[in-house]
Amino acid sequence: MTEALIPDTYSSEPAVDIADVMQKLAEHKGCGTEGGSGKASCGSSAGPADMPEEIWEKVKNHPCYSEEAHHHYARMHVAVAPACNIQCNYCNRKYDCANESRPGVVSERLTPEQASKKVLAVASTIPQMTVLGIAGPGDPLANPGKTFETFRLISEVAPDIKLCLSTNGLALPDWVDEIAKYKVDHVTITINMVDPEVGQHIYPWIFWENKRLQGYEAAKILTERQLLGLEMLTERGILAKINSVMIPGINDKHLVEVNKAVKSRGAFLHNIMPLISAPEHGTVFGLNGQRGPTAQELKALQDECEGDMNMMRHCRQCRADAVGLLGEDRSAEFTTDKIMAMEVNYDAEGRKAYQQAVEAERQAKVEAKKSELDGLDAAGDMKILVAVATKGHGIINEHFGHAKEFQIYELSAKGAKFVGHRRVDLYCKGGYGEEDALDTVIKAINDCHAVFVAKIGGCPKADLTAAGIEPIDAYAHEFIEQSALAWFKGYLAKVEAGEIVHTERGDAAIRQGALLSQAS
Ligand code: CLF
Ligand code: SF4
């Protein structure tokens, strides 16, 4: 690392000319942000017509960079990077890197050779696994030897798998050329501030040029390095995603400024995630009682930042050894003991054929949604939320009682747009419904007008209805967006006919009992 790489002073303007790359990115504005509009968006289209071909090739089957792809394609992480070069107040080193994971110990750390075998084992078992990410448990670029050796091994044995990296950004400028050399086309930088005054409340120290630095000075160097690294990635055409942890009272309002700063430097996607904080994690924030944002606060900030910038809303804050579709964890099937004993048959042609079938399914879903886009004008400015129980593939295929999370869609005149997910306690345990769990489910989706499920029992159905959330099982095993839009049109027709009165929903509405009222 040379001093010349560090700007003398912090500037909110880009330090390099990135106009060409920005122009390309500007042509594409909506990864998952305009899901139901039918307009140009990698969240809404199954074809490359929406954006430059080279960008489409990079995002079309990356489950994090395309909301639409995350219903169909899986990722895996290999935990080869134990060390870190900074300290975040939301991290306890015994736990996964909170940049890319929810707190929980990494089950096993791997050598690059073990990681390579694991990737082959998973790719042979899960043909829709298209992306290999290194996201910890520390910082991949604080462990460059292990990180790049892993990428080298995997690019040799499985060249069809996309390579992905997540970093805190301190060491990023030193390694951008190496990242480009190994064709790592997707890099995530966690940027929680662009103002050291804010940063000093998030980062107690960084380890920089063989010294431990603290406070304002540490945060200043970190933000300069992060923004420089982002500009260098943009110059090389590497797609950069920015993760930001929303910490109420510390950086929540400031993240709007972060959004502008990263957008102006060519970031492809911004992922604002909620702080996960609990005393048992042993983090500074957890022990201080620092709370995370509510789902509604998070959505409001994401909405505020959404303009021409792509916002990611489907992040599941994965473990550093996660395997599977986002939201599922199959890592227990691939422990080191198991993978070392596995006969691996890497069938590249079989994987290709499987993924072609996935694309056909995906195209059918897009066509089905388009067929429901007409006739939504009656919605005017109305926007309502609905919850969906799904196991994946963009289909309503989960029982209410088995759902560990609900996907949330916003329905409006523009169509159906994915806006997030809500984790819940499992309602059905050992064949019986848990009343306490039902309360938490209702609380989690209390701003939704309806919940779509494959099946639901009489008791939860009655309680949901009493809470003003309509349980709907009439679209079991059908496409989510097409079904939600068909139901929405029926809802609009009833409002127009005066059969029901449309009422806004939300926490306040629940408290006041001002729910959807039936007019007889
Ligand atoms: Fe992994 Fe991250 Fe790559 Fe995805 S995760 S390194 S970009 S392959 Fe994805 Fe997981 Fe969210 Fe990360 S859902 S935590 S954004
Ligand atoms: Fe923890 Fe990741 Fe922050 Fe390092 S960068 S302190 S591993 S959250």
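**Group meeting talk: rings, a sheet and a helix face**

Okay, let's start with one residue: Tyr-182 has a relative accessibility of 16%, and anything under 20% counts as buried, so Tyr-182 is buried. Keep in mind that this is a predicted model.

So who does Tyr-182 sit with? One partner is Phe-148: the ring centres are 5.8 Å apart and the planes are at 25°, so we call this pair stacked. Phe-148 belongs to helix α4, residues 144-157, while Tyr-182 is in the loop between α5 (172-181) and β5 (186-190), so this pair links parts of the chain 34 residues apart. Phe-148 is buried too, with a relative accessible area of 4%.

If you search the whole structure, you get 9 aromatic pairs. Another one I like is Tyr-65 with Phe-268. Their ring centres are 6.0 Å apart and the planes are at 20°, so that's a stacked pair as well. Tyr-65 comes from the loop between α2 (53-59) and β1 (74-77), and Phe-268 from the loop between α8 and β9, so the pair ties together parts 203 residues apart in sequence. Both Tyr-65 and Phe-268 are buried.

While we're on rings, have a look at Trp-205: Arg-212 lies over its face, 3.9 Å from the ring centre.

Now, the sheet. In what order do its 8 strands run? Go across and you read β10-β9-β8-β5-β4-β3-β1-β11, in an open sheet with mixed pairing. At the edges you have β10 (310-312) and β11 (323-324), each with a single partner strand, so one side of each has no neighbour in the sheet.

Quick reminder: strands in a sheet pair through backbone hydrogen bonds, either parallel or antiparallel. Here, β8 (residues 239-246) and β9 (residues 269-274) run parallel, and 6 bridges join them. If you want one to find on screen, take Asn-243, whose bridge partner in β9 is Asn-271. Helix α8, residues 255-264, lies across β8, β9 and β10, and runs at about 170° to β8.

Last stop, helix α10, residues 295-305. Which of its residues are buried? They are Leu-298, Lys-299, Leu-301, Gln-302 and Cys-305. Looking down the axis of α10, these buried residues fall within an arc of 165°, so they line one face of the helix.

Note on methods:
Residues numbered from 1 in each chain as written. Chains lettered and ligands numbered in written order. Predicted model: local features only at pLDDT ≥ 70, side-chain atom pairs only at ≥ 80, totals over all residues. Heavy atoms only, no water. Buried < 20%, exposed > 50% of the residue type's maximum accessible area, 1.4 Å probe, protein only. Helix = DSSP H or I, 4+ residues; strand = E, 2+ residues; numbered from the N terminus. Arc of directions from axis to C-beta. Pairing = 2+ DSSP bridges. Contact = heavy atoms within 4.5 Å. Axes fitted to C-alpha atoms, helices over the stretch in contact; angles between N-to-C directions. Phe/Tyr/Trp six-rings, centres within 6.5 Å; stacked < 30°, edge-to-face > 60°. Lys NZ or Arg CZ within 6 Å of the ring centre and 35° of its normal.
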